[in-house]
Every structure is written in structure tokens, then in C-alpha cells.
Number of protein chains: 2
Amino acid sequence: MPSIKDVAAEAGVSVATVSRALNGHPSVSAAARARVLAAVETLGYRPNAVARSLRTDQTRTLGLVISDVLNPYFTELARSVEEEARALGYSVIIGNADERPDLQDHHVTTLLDRRIDGLLVSPTDGGSPRMLDAARAGTPMVFVDRWIPGVDVPVVRSDGRAAVRDLVAHLHGLGHRRLAIIAGPAATTTGRERVDAFREALAAYGLPLPDAYIGQGDFQAGSGRRVTEGFLDLPEPPEVVFAADNLMALGALDAVRARGLRVPEDIGLAAFDDIPWFVHTDPPVTAIAQPTRDLGRAAVRALVERIAGRAGASVTLPARLVVRRSCGEPPSEQHPPSPSPVRRSTP
Amino acid sequence: MPSIKDVAAEAGVSVATVSRALNGHPSVSAAARARVLAAVETLGYRPNAVARSLRTDQTRTLGLVISDVLNPYFTELARSVEEEARALGYSVIIGNADERPDLQDHHVTTLLDRRIDGLLVSPTDGGSPRMLDAARAGTPMVFVDRWIPGVDVPVVRSDGRAAVRDLVAHLHGLGHRRLAIIAGPAATTTGRERVDAFREALAAYGLPLPDAYIGQGDFQAGSGRRVTEGFLDLPEPPEVVFAADNLMALGALDAVRARGLRVPEDIGLAAFDDIPWFVHTDPPVTAIAQPTRDLGRAAVRALVERIAGRAGASVTLPARLVVRRSCGEPPSEQHPPSPSPVRRSTP
DNA sequence: CCTCCTCGTGGAATCGATTACACGGAGGAT
DNA sequence: ATCCTCCGTGTAATCGATTCCACGAGGAGG
């Protein structure tokens, strides 16, 4: 692979001139520039990004550490992050933590070793020492979706409180009173928040959230299945199960089906995080949709601000309820939308 | 961020000794090694991978260019690639081409500029000049899932012919005779092969595959919808539609539902690429499953072989049919498996 | 005609590692 | 006692870029 020296030799100029010509530096004569460009063409030269990064101390690369790539929500997030980063001239290296703190740590370390310009993290847990050190040391960093309280890093996320209230209103309106939740890990903010929001919304209707109706999940399908089985084994099972993410909802669907029960007749189901497949499940699943694309975009913009040395503000975008049939009473999709504040899906 | 010089100063040795101590070189005294390690600890030193790469001319990084991250098949592939690469001490940078040749080109270029050690590609089209140049120039490279004929690069893929024959046997056994296919782009090998396999399998039963029953898709949901609408508008619509990937199947499901028709009563549906969601769609979708994890693993191993200067053989793994209910006659899941060679799903 | 500025260019330092080569000292062989 | 070997270490070259500084040529102004 030819280096800048080869180009210089071919063009009959010094490496300094080649570098200047290629970087659009003004003080290069038209003749020299033309010769350099010709040499680049004949040799098929491409600048070595590694060498350039070493010298300039910037890689034009962003790191993104997400909790679970197989979760369609994070896949979409990753995609929008890459899209926006590319538009801004950055590449993205994705690290998949698989909800495992040790893997998260591995990726953060690797990314930092590669001297990425900035780090986007959706923390799996309370934060590895390595990550907290990096944050303190001034590595440009932004949390997305989940965050770690007490760390001075901008957070880009969506607030599901209003949507959870809408959901509970919807469920209450359908006559459901015994509502259970499959929670995410307590170590994650989203895990805690969704339970809190649910509990508050229930309280507004004078409904309790007994401990037996709070199942501890880990954002993976398997835990959704196990927790749902536990709910079904209760002397008085819940009427509706609210899964704190889409994979646990999938697991819940598994569990219900394995018992030969039906949704929503025997038990209702709702999920946090909407995905295209929820339109086509049996039945279509009522879900809370996050503005995932916007989240990814905003996160990248905030991070790039930080890299540029500016503040990079936190952003909170609202989530919204998408009513489908999994909690009962199919919304009459042929009719005009109901006057209720709850929005309905248009599949 | 401290450099090797700082460590050397702190430990009272030269940078050479620090480097040797850190890389496990034998000729370093125990005392020096201890002092270096202590200095590393107090300074929180981490070697700069950029500088190391420049010197050693290897990045311990693999590039993976896939056609569409949002497709769960590729997401899973990417995950297994990363997993195996990590086990082998490599990082992976994923480039998402979104089925766009220009984007594919962009990622290949960027990856090559970063001097990745090897490239894994699932080509969107016939191959960009940049990619073909790289292959010819000897960049270690392996095609995965899709490939480009005539290029001397190992291919890791799965062969769906047998599974497609099983599928057609299954459909024929259910009494279906008018079978249509939503094809992938003709520029991709998988796009062409699946149509060919389907046509051959039909021929074995004396069934034709008229042009009207071959819809041109692009592996995205939207095209599945459009093609299916076309099929439904035919004077004699097909009895079963076979989508060449899971996203087009999703689109087909959309189209059928939009007409108020039902699967499988009004029209049957089958798909290439099985995904967890197909168990929970309405109805569960009969699909051809690829051994995605094994594919990813094998691809990385072949690539690492190439990087090591060895041959790195092509690998072809069989796909298998998973029968569900979307083509009619729900398999009786309570009964022992039928003696037919067609395997049945156990959800 | 001389001086000064500007412009284009090249030489060389630099980024942070790795590694070939040289060197000094200790220990064993003769 | 002398020489050789080996071990541990340091000096310096190197990877491929960017960029500071210096320098020569040419034009403008006095």
C-alpha cells in the first residue's frame, strides 16, 4: 500500500507538499497540486488513517456501547447513531454489552485504547470504574437511553411517564384492575423508572402494586418467560402484564402460549419499546414507542458538541402510547380516532 | 493521558524496557518489571492502540460490511461475528450498507483507510471497484451470506436448496399449486439463488413458475408489500407467497392484512430466514432457518486464517425448513413428530 | 538598484509505540 | 588472569502522517 512518500516521489515534490495539497491548504501552487493529484490517482493512494490519527490526536470515530444489539430498539438506535455520525464525518464503533457489565467494561476499555473521540453509552449497570474514570478524566461522553445518576455527563433519553399514565388509563378504562409489571434490572435507570412510573400511575387510580405483581427481569426474553410463569402461578394472577421492554414481552408471549392461554382473553399484555413486529404478533401488542431515531440523532449531536469543547445539553423526548389489541377491546380501526388523548396505531 | 514515556520516567527505566515488560518479553528483570507495573498502576496508563498499530502494521480489527442491520438475520450474524472475533482477540467495526451500493462503498473505503486487518463482506451488489481492487491487492477478505462470482475470495454461506425443496414438498402436500416468490435483487447471489432453487423445486413437481408469479423485491419490507399487492391484483392470485427474506415477508403480511384477507386461509406465506418473532406472528410463519451463529463463527475463522497467510476455505452450511402455520394445516404440535423428512418447529 | 514582503516549498520534528543494535557487567571456562 | 557468553538495559530508527520553521525566488516599493 503506497504511502505519502511514494506519492511525493511520483509527483516530484516533498511529503509536506503532498500533505498540504491533499488537505486543501491554500499555499500550494496549482501546478504542484495537479501533479500530486495525478500521482495519487496513478498509485491509488489512500491516506493512512492510523498515522493521521496518531499525529492529529483525533480519530474521527465515536464509540457506542449498547446493552444488547439483538434488541430491535437498540439496533434501531445504533443505526440512527451511525447515520447521524456519518453525516457529521464520524465513524462509529459499536460495542455490544449483552447486558453484561464485564463485557461493557471490555468494550469501554477497547474503545478508549483506540482513542475514539467520544463515547456514547447506554450503561448496563451502575458503571464500571473504567467508565467513571474516563468520564472524570474528561473523555467526551454522553449517556443514551439509560444513565448513571451522579455522573456529570449529558443524558439523551425519552421520558415514558406520560405514556405510562396513558397506558394505565387505557387499561383502567378497559376494566382491568390487577396490573403487574416485569421490571428491568434495578441497576439500570430505565429498569427503575418504568416501575416507578407504573406505580405512580396506578396510585392515581387508587390501585396498588403489590410486590407479587413486580417481577424481576433482566431485559431478556428468558426472564420475561420466567416472570410470567410466576404470575400465572399466583392464586390471583394479574389481568394485565406490562413488560418493561420488548424482549421480555416476547418471553411473556411464549409463557402464555406454553400454558395454552390466550392474549388478551386470558391475560393482557403491554410492552415498553415499540417495534415493527408488534403489529404482526398474535395479537398485535400495545406498546409505548420511543422516538428512537431522534434519540440517536440528538445523542450524536450532543456528543459532537462535547468533543468540540462545548457543553452538550441533555435532551429528554416524550414517548407515546400505541394502542393495539393485546389488552382487550380492539380499537375500531375503521372508525375515526376516538377523542381520548390516547393515540391509536395506524398499521 | 499518560504515554509510555511517562511510565518510563515514573519507573526510572527506558521506554524500551516498559514496552518489553508490558509485552511479556522474557529479557526483563523481575525488579524492572515490577517497577513498570507499579508505574502503570499509579499513572493509570493504557497503551495507545493507534501508535501501536502504526508501528506493527496491524490493528487487530476486522471490518464487517453488511447489507442491512435492521434485518434481524444480519443483526444476529453481526453479533456472532463479534463474539468469535473477540474470542480470537479482534475487534469488529460494522458498516451498514442499507442495501445501497454507495454506502457499501463508503464503508469499505473507510475501513480500508483504517487499515483493518481483514474484511468480511455481504455484498449488496456486484461489487464496488474499491472492493474488487482490495481483493485483488491481497487484502484478507471473506464473503459471508452473499458473494460475488469470479472473485477469488472464500465464501461462507448456507445452502438453502434442500430446504427450499422441503418447502415446496410441504406446500405441494398441502395441495397448493399456484406458488409465487418475492425475489431479492438480481444483483445479489442470494437474490438469484433463492429464485432458482424455488423454480427447480417446482419443476420437480411439474409446476410452472410464470413470470407473473415472480415479484421483484429488494429485501426490504416496502417491496414485499408492493409485490404482494401486485400478486393479489392478479386475475388468478397465487395460493402461497414465498418471500426471499424476512423483511419482505413482513411487508407481505402488511399487504394481506391491509386487504382484510387472512393468512393462511386466503393466501399462504413462507419466508427465507427464520427469526424469533416468526413464532409469535399471526399466524406463526413457516420459514427456512439458516445456521446464523455458525455462519458468523466460520466466517471469522476463515478470515483469521487468511490474515495469518493461510488459505481460509469456503464453508457451506445447510439451511433447514421450520414448518409453522402460515401455509395452512397447523402441524399437530401435541403429537410426536411426523415421519416425513420435513422438520417441525418446537416453539 | 537595493530592501522588504509574500508565496511556494522543503527539511525536520513530532505523535507513541516497537524493536534492531550496542554496550556494560557478571559469571563460567580455560 | 583473560576471554567469551549471556543477560538486562538503553539509544535510536522506524511506521505515515501533519506542521513549524527556514529559505529562495520574484515582485513591489523606495
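**Questions and answers on this structure**

Me: Which way do the side chains of strand 6 of chain A point, and are these residues buried or exposed?
Reply: Leu179(A), Ile181(A) and Ala183(A) point one way from strand 6 of chain A, and Ala180(A) and Ile182(A) point the other way. A residue is buried under 20% relative accessible area, exposed over 50%, and partly exposed in between (1.4 Å probe, protein chains only). On both sides of strand 6 of chain A, all of these residues are buried.

Me: What kind of model is this, and from which number are residues counted?
Reply: The model is predicted: local features need pLDDT of at least 70, side-chain atom pairs count only at pLDDT 80 or more, and totals for chains, interfaces and linings use all residues, while side-chain values use heavy atoms, with hydrogens and water left out. Chains are lettered from A and ligands numbered from 1 in the order in which they are written, and along each chain, as its sequence is written, residues are numbered from 1.

Me: Which strand pairs with strand 6 of chain A over four bridges?
Reply: Strands (E, at least two residues) and helices (H or I, at least four) are DSSP runs numbered from the N terminus, and two strands pair if DSSP finds at least two bridges between them. Strand 7 (residues 214-216) of chain A pairs with strand 6 of chain A in the parallel sense over three bridges, with Ile214(A) as the bridge partner of Ile181(A). The parallel partner over four bridges is strand 8 (residues 240-243) of chain A.

Me: Which residues does Pro237(A) touch?
Reply: Pro237(A) sits in the loop between helix 10 (221-233) and strand 8 of chain A, and counts as partly exposed because its relative accessibility is 25%. Contact means heavy atoms within 4.5 Å. Not counting residues up to four places away in sequence, Pro237(A) touches Arg178(A), Tyr213(A), Phe231(A) and Leu232(A).

Me: Which helix gives the largest share of the surface near DNA strand D?
Reply: A residue is near a strand if one of its heavy atoms lies within 4 Å of it. Around DNA strand D there are 26 residues, the closest being Ile4(A), Ser19(A), Tyr45(A), Asn48(A) and Arg55(A). Among the elements that supply at least two residues each are helix 2 (15-22) and helix 4 (49-56) of chain B. The largest share, five residues, belongs to helix 4 of chain A.

Me: How many charged residues does the surface near DNA strand D have?
Reply: Ala, Val, Leu, Ile, Met, Phe, Trp, Tyr, Cys and Pro count as nonpolar, Asp, Glu, Lys and Arg as charged, and the others, Gly among them, as polar. By that scheme the surface near DNA strand D has eleven nonpolar and nine polar residues, and its charged residues number six.

Me: How far is the side chain of Arg55(A) from a base oxygen of DNA strand D?
Reply: In chain B, a polar side-chain atom of Ser29(B) lies 2.8 Å from a phosphate oxygen of DNA strand D. Arg20(B) has a side-chain N or O atom 2.8 Å from a base nitrogen of DNA strand D. For an N or O atom in the side chain of Arg55(A), the distance to a base oxygen is 2.3 Å.

Me: Which residue of chain A has its C-alpha nearest the axis that relates the two chains?
Reply: Copies are superposed by least squares on the C-alpha atoms of residues with pLDDT of at least 70 in both. A 180° rotation with 0.0 Å of shift along its axis brings chain A onto chain B (RMSD 0.1 Å). The copies are therefore related as by a two-fold rotation axis. In chain A, the C-alpha nearest that axis, at 1.9 Å, is that of Thr281(A).

Me: What is omega for the cis peptide bond between Asp282(A) and Pro283(A)?
Reply: Pro283(A) lies in the loop between strand 9 (268-272) and strand 10 (286-289) of chain A. In chain B, the bond from Asp282(B) to Pro283(B) is cis, with omega near -5°. For the cis bond joining Asp282(A) and Pro283(A), omega is about -5°.

Me: Is Asp98(A) buried or exposed?
Reply: Asp98(A) is not a glycine, yet has a positive phi of about 55°. Asp98(A) lies in the loop between strand 2 (91-96) and helix 6 (101-113) of chain A. Because its relative accessible area is 14%, Asp98(A) is buried.

How values were computed: Polar contact = N/O pair within 3.5 Å; in protein donor to acceptor, adjacent residues only side chain to side chain.
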